[in-house]
Amino acid sequence: MEYVRLGRTGMKVSRVCLGMMSFGDPERWQGWVLDEEGAKPLVRKAVEAGVTFFDTADVYSFGTSEEVTGRLLRELFPRREDYVLATKVFFPVGQSVNDSGLSRKHIFAAIDASLKRLGTDYVDLYQIHRWDDHTPIEETMEALHDVVRAGKARYIGASTMFAWQFAKAQHVAEANGWTRFVSMQNHYNLLYREEEREMAPMCVDQGVGMIPWSPLARGLLARAGSGDQGTTRTEVDGRIEELYGGPGDATVLERVARAAKERGVPAARVALAWLMAQPGVTAPIIGATKERHVDDAVAAVELSLSDEELASLAEPYVTRPVKH
C-alpha cells in the first residue's frame with residue numbers, strides 16, 4: 001500500500017479509501033447492503049492490506065453505517081490514531097424540519113450524533129455531502145470552522161458541487177480566517193469525466209485532494225468485457241441509466257476490457273489504475289461487497305499504465321451534461 005498526503009495537509013492516507021456505505025442495515029437502507037457480520041471480513045481484509053482511510057456518512061443506513069464503522073475500526077486497529085475516519089452531513093436522518101441541510105443548527109447536531117454513533121471524540125475529515133441552496137455559505141463555513149475549533153473534526157471537505165460553488169466557499173473561509181476545505185469528494189471515473197472541465201484543475205491548482213466516489217461507475221467498469229449482468233445492487237440502482245450509457249461509453253468499456261486482457265488482470269484494476277494516475281486524485285473511494293473488490297482496489301495501486309494505455313482508455317469519451 002502507498003500512503004500520500006491529503007491535499008496540502010500533513011495528514012497521510014492510504015491510496016485506497018474504503019467506502020462504508022456498503023455496510024449497515026439492509027432492512028433500513030438497500031437490500032444489497034451487508035450487515036456487520038458480513039462487513040467484518042471485508043474490512044479486516046482491507047486493513048490487513050494496509051488501508052487506513054475510511055469514508056461513511058450519517059445518512060447511510062440512516063446512521064447504522066456509522067455505528068458499524070465505529071465498532072469495526074475500534075476492533076481492528078489498536079489505536080484511534082492509526083486510521084483516518086471521514087463522515088458527511090447534509091441529507092436527512094431524522095424527521096424534523098431542521099434534520100437536514102447545512103445550517104449551523106443542523107451541523108452542530110449532526111456532528112454530535114455522528115460522533116456518538118462512531119464511538120469517537122473526533123473525525124479526521126468532516127464533509128458536506130452536497131451544496132445547500134437554502135443556507136448562506138457564510139453560515140455553513142463558520143459552523144464548520146467552529147466544529148474544527150471544538151476539536152470534533154481535524155479537517156473539513158466537500159462533495160459534489162459546481163466549481164464556482166466550491167470556489168465561493170473557499171473564498172468565504174479565507175476572507176474570514178475560517179477553516180478551508182482540504183478535499184473534494186467528486187463523481188469521477190472513465191465514464192464520467194465532466195469534473196475535468198473546472199473542478200479537477202481547480203483542485204490541482206489549489207492543492208485540494210480529490211477522493212472520487214463511484215470510481216468504477218457503479219460496477220460498469222469492473223464488468224467490462226466479462227458478460228456479467230451485474231449484482232443485486234445493479235437491479236435496484238436507478239441511477240445507472242441516469243448517469244451512464246451515453247455515446248462513447250461502449251467504446252470506453254471495450255478499451256478497458258482490451259487493456260485488462262492484455263495485462264492479464266481484472267477490468268476493475270485497469271479502471272482504478274487509470275483514475276489513480278489522473279492529476280489531483282488522492283484516493284478513490286471503493287465500495288466492496290465481495291473480497292475480490294478489495295483485492296482489485298489494492299492491486300490497482302501497484303498497476304502502472306503506460307502513457308499509450310492511459311491515452312487509449314481516455315480517447316473515446318464523449319462529454320455530457322454535468323450530473324450530481
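In this structure Asp-112 and Lys-152 form a salt bridge, their closest N and O atoms lying 2.8 Å apart, where a salt bridge is taken as a side-chain nitrogen of Lys or Arg within 4 Å of a carboxyl oxygen of Asp or Glu. Asp-112 belongs to helix α3 (residues 104-118) and Lys-152 to the loop between α4 (137-149) and β7 (153-159), so this pair ties together parts that are 40 residues apart in sequence. The model is a predicted one, in which local features need pLDDT of at least 70 and side-chain atom pairs count only at pLDDT 80 or more, while totals for chains, interfaces and linings use all residues. Residues are numbered from 1 along each chain as its sequence is written, and side-chain values use heavy atoms, with hydrogens and water left out.

**Salt bridges**

The structure holds 18 salt bridges, and three of them are set out in the table. Helices (H or I, at least four residues) and strands (E, at least two) are DSSP runs, numbered from the N terminus.

| Pair | N to O distance |
|---|---|
| Asp-112 and Lys-152 | 2.8 Å |
| Lys-40 and Glu-75 | 2.4 Å |
| Glu-291 and Lys-45 | 3.7 Å |

The side chains of Lys-40 and Glu-75 meet at 2.4 Å, N to O, and this pair links distant parts of the chain, with Lys-40 in helix α1 (residues 36-48) and Glu-75 in helix α2 (residues 64-76), 35 residues apart.

Glu-291 is partly exposed, with a relative accessible area of 40%, and Lys-45 counts as partly exposed at 24% relative accessibility. In the pair described at the outset, Asp-112 is partly exposed with a relative accessible area of 38%, and Lys-152 counts as partly exposed at 26% relative accessibility. Salt bridges that share partners join Lys-45, Glu-291 and Asp-295 into one network.

**Sheet and cores**

Eight strands form an open sheet in the order β9-β8-β7-β6-β5-β4-β3-β10, with parallel pairing, two strands being counted as paired if DSSP finds at least two bridges between them. The edge strands, each of which pairs on one side only, are β9 (209-210) and β10 (285-287). Within the sheet, strand β4 (residues 53-55) pairs with strand β5 (residues 84-89) in the parallel sense over three bridges, and Phe-54 stands opposite Leu-85 in β5.

Phe-54 is also one of the residues that touch the most other members of the largest nonpolar core, which has 90 residues, the others being Leu-18, Val-43, Tyr-126, Met-141 and Phe-166. A nonpolar core is a set of buried Ala, Val, Leu, Ile, Met, Phe, Trp, Tyr and Cys residues joined through side-chain atoms within 4.5 Å.

Leaving aside neighbours within four places in sequence, Leu-18 is in contact (heavy atoms within 4.5 Å) with residues including Val-43, Phe-54 and Ile-286. Val-172, in helix α5 (residues 163-176), counts as buried at 7% relative accessibility. Not counting residues up to four places away in sequence, Val-172 touches Ile-137, Glu-138, Met-141 and Trp-178. Val-172 and Ile-286 are 114 residues apart in sequence and 32 Å apart in space, C-alpha to C-alpha.

**Helix α9**

The expected span of a helix is 1.5 Å times one less than its number of residues; for the 15 residues of α9 (residues 249-263) this gives 21 Å, which agrees with the 21 Å between its end C-alpha atoms. In α9 the buried residues are Asp-249, Val-252, Val-256, Ala-257, Ala-259 and Ala-260. They cover an arc of only 165 degrees around the axis, which puts them on the same side of α9, the arc being that of the directions from the helix axis to the C-beta atoms. These buried residues of α9 pack against α10 (267-276) and α12 (307-314), whereas the face turned away from the buried side carries the exposed residues Glu-254, Lys-261 and Glu-262. After α9 comes Gly-264, whose phi is positive, near 75 degrees.

Key: Buried < 20%, exposed > 50% of the residue type's maximum accessible area, 1.4 Å probe, protein only.
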